[in-house]
Amino acid sequence: MDIVKILNCNRAIPDPDSLTTNLVESRVKDTKENYQRFWRHKLENSSKLTFLHKHK
């Protein structure tokens, strides 16, 4: 439940007894996808990478 609180999933998983393998796998998948979107956005909007790309 500590991880649930850290990931701010309290609303999605309010009761520890309601946890199932499918629910945990779903939340892990969602978290990975969110992180990948965040990382791609950071790469695409990096001023250093933009500078290097323009001068390449």
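1. Y35 and F38 lie three residues apart in helix α2 (residues 21–44), so about one helical turn separates them. Helices here are DSSP runs of H or I with at least four residues, strands are runs of E with at least two, and both are numbered from the N terminus.

2. This is a predicted model, in which local features need pLDDT of at least 70 and side-chain atom pairs count only at pLDDT 80 or more, while totals for chains, interfaces and linings use all residues. Residues are numbered from 1 along each chain as its sequence is written, and side-chain values use heavy atoms, with hydrogens and water left out.

3. The protein chain has three helices and zero strands, in the order α-α-α along the sequence.

4. Two aromatic pairs are present in the structure. Y35 and F38 have ring centres 6.2 Å apart and planes at 40 degrees, so this pair is tilted. For Y35 and W39 the centres are 6.5 Å apart and the planes are at 10 degrees, so this pair is stacked. Rings of Phe, Tyr and Trp (its six-membered ring) pair if their centres lie within 6.5 Å; planes under 30 degrees apart count as stacked, over 60 as edge-to-face and the rest as tilted.

5. Y35 and W39 are four residues apart in helix α2, so about one helical turn lies between them. Y35, F38 and W39 form one aromatic cluster.

6. F38 is partly exposed, at 43% relative accessible area, and W39 is partly exposed at 45%. Buried means under 20%, exposed over 50%, and partly exposed in between (1.4 Å probe, protein chains only). Of the 56 residues of the protein chain, 7% are buried.
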